[in-house]
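Have a look at the structure first, and then read on.

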Amino acid sequence: MERNKPMKSMIKMVLIVGAAMTVLVTLSLPAMAFERRGNEKILVVASRQKVPMMDPSIKYDASIRTLQQAMYDGLLKYVGNPPEFVPWLAESWDVSDDKRTYTFNLVKGAKFHNGDPVTAEAVRWSYARTLKLGKGPSWMLDAFLKAENIKAVDENTVVMTLDRPFAPFLSFLPWWFVMNPQQVMANEVDGDMGQKWLIDNEAGGGPFSLRRVEPGNLYELERFKGYWRGFKGKLGGVIFKVIRESSAQRAALIKGEADIVTSLSPDEFDIVSKLDGMITSTEPALTTFGLKFNTKAEYVSDLNVRKAISYAYDYDAFIKIFNGRAKLQTSPFSDAIKGKINIAGMPTLDLAKAKEYLAKSPWPDGGFEIEYVYVQGFDVERQMGLVLIDALKPLNISVNMVPLTWSSMVGRGSTVETSPQLMAIFATPVSTDPDAVAIQYHPSSWGRYYGSHYYDNEEVAALIEKARFLSSWEERKPIYEEIQRRLVEDQPEIFGMMRKRMIVYRDWVKGYEYSPVRMTEEVDFYPLYIE
Amino acid sequence: MLYFTLRRGLLMVLMLIGLLAITFSISHIAPGDPAALAAGPDATLEMIERIRTEYGLDKPLPVQFLIYLKGILAGDWGKSIHTTRLVWDDLVTYFPATFELVVFSILFSVALGVPLGVIAAVKQNSMLDHAIRTVTVAGVAIPMFWLGLMLQLFFGLQLAWFPLGGQIEMMTERPEPITHLLLLDSLLRGEFSTFTEGLYHIILPAVTLSFPALASIVRVNRAEMLETLKQDYITNALAQGISRLRVVAMYALRNAMLPTLAMIGLRFGWMLGGTILVESVFNWPGLGLYAVEAAIDSDFEPIMGATIVLGLFFMVTNFVIDILYGLLDPRVRAQT
């Protein structure tokens with residue numbers, strides 16, 4: 001007993017010192033606030049998605065585009081909800097009567113970050129570079145626009161002549177960014193048109209310039225003081241920080257180490273949204289989620305089987321899985337797509353109808369198995385698979401759930417033979433033009449992840465082709481309505497829901513503007529400021 | 001000893017070639033289309049084919065392997081299909097962060113694990129022994145990911161004693177690289193505030209990573225010490241009036257350290273390969289995270305690059321341990 005006395009008093013002392021330190025440290029915590037560099041306020045945006053590179057001609061995804069549109073300008077820009085493209089570097093444009101020639105008049109006084117003027121030649125060169133390299137956004141225009149048909153007629157006028165009229169043309173231009181040719185070519189290596197240099201550098205004239213890159217980790221931008229449009233509020237710069245774990249993002253937001261977080265899980269979002277000083281934004285996006293059938297695969301090549309499965313699915317689950325932050329699709333097109341109409345007869349849970357359809361198929365009693373492929377580790381898609389298992393039990397159809405990496409899923413979907421019977425797909429069209437969605441159901445999309453349905457309807461394909469080359473919206477509108485109806489009739493997928501974007505930010509962040517055209521986790525820094 | 005060293009060295013080279021062949025085969029045979037993934041979701045088939053040709057993915061697998069080996073021998077580690085960055089540049093960026101974290105973790109494990117093992121053995125069946133054993137069982141049982149999150153939430157968020165993650169504060173710019181090791185570079189550049197910041201940031205991830213190793217070291221060391229303390233020569237030394245502390249530290253511990261040393265070597269290698277969870281939780285820009293992200297993207301050359309570095313490091317560590325083993329135990333030298 002005697003020997004234990006010193007030990008006990010030591011433990012007691014450690015506990016007292018520990019408790020005192022806890023109180024002291026907690027009391028001496030700095031006030032949680034935004035970062036500063038000197039007197040400038042710095043906004044910190046946390047995202048789960050790394051930025052593989054920043055070259056506007058080579059690649060785009062949510063994180064890349066977030067940085068690209070902060071550092072570069074396009075001729076047009078998407079803003080608002082519903083989204084619309086507005087004049088940006090091009091202050092106005094004219095279209096010829098044959099709808100093939102577009103003349104863009106550039107704003108005067110726009111400069112690149114190094115002080116060079118933004119000229120028509122820079123626009124021409126940037127478009128030509130993207131077309132020549134044949135990567136990234138080149139697919140949007142390369143079938144209709146040749147580099148030699150882009151002319152800089154004077155310092156501020158660019159003329160683009162399309163091979164044939166292409167209705168969605170303008171809707172793609174916000175994603176074609178203008179680079180400084182002198183700066184890029186000064187860093188060219190072995191004729192690469194500056195590709196190596198532009199991985200971690202920029203040559204733009206957008207609202208922010210690049211200050212610092214820590215690849216895969218952190219990107220610091222600073223306000224471009226000579227930006228031609230000026231700024232709403234004062235913001236010194238932005239740090240785009242990659243924080244991969246949802247719980248770590250939540251902790252960073254609460255501690256004030258991040259001002260905006262873009263990718264909390266639904267549960268984390270619920271927790272944070274109840275805290276003081278947090279502002280949440282939950283708006284439906286352009287992104288749709290559906291379970292794509294391979295319409296050429298065994299069993300599901302039969303329309304009645306596809307209908308039966310679609311009527312057996314519990315659509316409420318789509319909403320519940322996102323804690324209510326989703327909206328069911330009422331058409332194959334999402335709400336923000338131009339020309340979207342509500343289609344009567346979109347399947348809802350109706351078991352009697354499901355059995356009726358199955359009875360018309362060669363397998364009236366079911367007794368077969370279908371494969372459901374989803375992204376490994378993506379719990380939302382796993383839950384949807386579990387719902388599918390329950391939903392198809394009454395039809396005596398079993399489901400084999402196969403989790404794969406995204407890369408493997410893309411590989412599986414790339415051929416009709418390997419594409420699974422059902423694949424969970426989130427698809428985000430790059431423009432609000434209905435062609436951006438309709439084309440996903442055209443044979444030219446087969447093999448792409450959203451074309452894993454191998455949907456083959458010559459009449460629908462002809463309608464899609466016809467509509468994209470008509471110039472009058474009045475003529476296009478009824479065609480797209482017909483396309484929406486036909487897609488629902490043919491059921492190449494279980495049309496699911498539009499997941500709402502879930503963004504949380506601290507109440508000192510002002511100017512946040514939502515636009516459904518942005519991808520999950522994509523943020524436009526330009527209107528933001530700190531107060 | 002020279003023969004022993006040469007034999008181990010040769011074995012290491014053979015193992016590395018085997019590792020390369022296996023990793024190359026597995027990563028290339030696994031389903032997935034890296035070209036399609038790199039080209040982007042909307043890419044046309046022509047765009048995908050262009051990338052496939054650019055990266056030589058259209059060639060037969062054995063040809064691809066030979067081209068890769070030829071490149072490696074010429075110092076060309078290839079480039080990432082996803083980011084187009086040179087793999088060597090990436091390794092130089094990411095490996096030092098992992099190396100620093102692992103070195104700190106292993107130092108922490110050894111500095112705490114060996115004395116705790118000795119104390120537990122010397123005080124066998126005391127309250128202290130039971131307490132140490134309980135902690136070590138927890139160390140083996142608790143998932144590292146969960147432990148990291150808990151430490152982060154409690155010490156990082158709740159008490160705010162430590163940063164939530166990262167190697168240094170966001171606003172601090174990294175020192176101009178010399179060795180690419182942040183702590184060392186900040187010391188060499190005389191940026192002592194950055195060094196302090198770096199130390200402050202490494203504590204939670206290092207503790208998290210070291211916990212399983214600490215537990216293993218304590219357990220092995222305790223067991224070996226117990227065995228050694230029962231030996232006749234220990235009884236003899238004590239009977240001759242040599243102090244207990246001297247007997248334990250000089251005679252017993254030296255002999256008990258052999259299996260512990262092997263354990264440290266293995267743990268060092270495991271830590272290098274197993275940092276991914278800690279790097280993910282603490283946002284540590286290291287090689288583990290890099291390798292996993294490359295695997296998810298089916299990005300072959302970064303996978304190969306990371307495998308070579310991690311594999312080589314594992315082998316070198318164990319090679320050094322083997323040599324040390326030989327130096328500590330003359331019987332090992334005699335056998336070889």
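How far apart are the end C-alpha atoms of H7(B), and what span should its 15 residues have?

1. Please keep in mind that this is a predicted model. The end C-alpha atoms of H7(B) lie 20 Å apart. At 1.5 Å a residue, its 15 residues should span 21 Å, so the two values agree.

2. Now for the surroundings of this helix. The buried residues of H7(B) are B:Leu147, B:Gly148, B:Leu149, B:Leu151, B:Gln152, B:Gly156 and B:Leu157. Their packing partners are helix H7 (246-255) of chain A, along with helix H9 (192-229) and H12 of chain B. After H7(B) comes B:Ala160, which has a positive phi, near 55 degrees.

3. Next, the contact between the chains. Chain A contributes 57 residues to it and chain B 48 residues. Between them the two chains bury about 4,600 Å², with 56% of that on carbon and sulfur atoms. In chain B, the residues losing the most area to chain A are B:Asp42, B:Met170 and B:Met171, together 18% of what that side buries.

4. Polar links also cross this interface. There are 22 residue pairs in polar contact, both at pLDDT 80 or more, and seven salt bridges between chain B and chain A. One of the salt bridges joins the side chains of B:Arg85 and A:Asp200, at 2.4 Å from N to O.

5. Several helices of chain B each supply at least two residues of the side that touches chain A, among them helix H2 (34-39) and helix H7 (144-158). H7(B) gives the largest share, six residues. By class, this side of chain B holds 27 nonpolar, eleven polar and ten charged residues.

Conventions. Residues are numbered from 1 along each chain as its sequence is written. Chains are lettered from A and ligands numbered from 1 in the order in which they are written. This is a predicted model: local features need pLDDT of at least 70, side-chain atom pairs count only at pLDDT 80 or more; totals for chains, interfaces and linings use all residues. Side-chain values use heavy atoms; hydrogens and water are left out. Contact means heavy atoms within 4.5 Å. Buried area is the accessible area (1.4 Å probe) that two parts lose on being put together, summed over both. A salt bridge is a side-chain nitrogen of Lys or Arg within 4 Å of a carboxyl oxygen of Asp or Glu. A polar contact is a pair of N or O atoms within 3.5 Å; within protein, one must be able to donate a hydrogen and the other to accept it, and residues adjacent in sequence count only if both atoms are side-chain atoms. Helices (H or I, at least four residues) and strands (E, at least two) are DSSP runs, numbered from the N terminus. Ala, Val, Leu, Ile, Met, Phe, Trp, Tyr, Cys and Pro count as nonpolar, Asp, Glu, Lys and Arg as charged, and the others, Gly among them, as polar. The expected span of a helix is 1.5 Å times one less than its number of residues. Buried means under 20% relative accessible area, exposed over 50%, partly exposed in between (1.4 Å probe, protein chains only).
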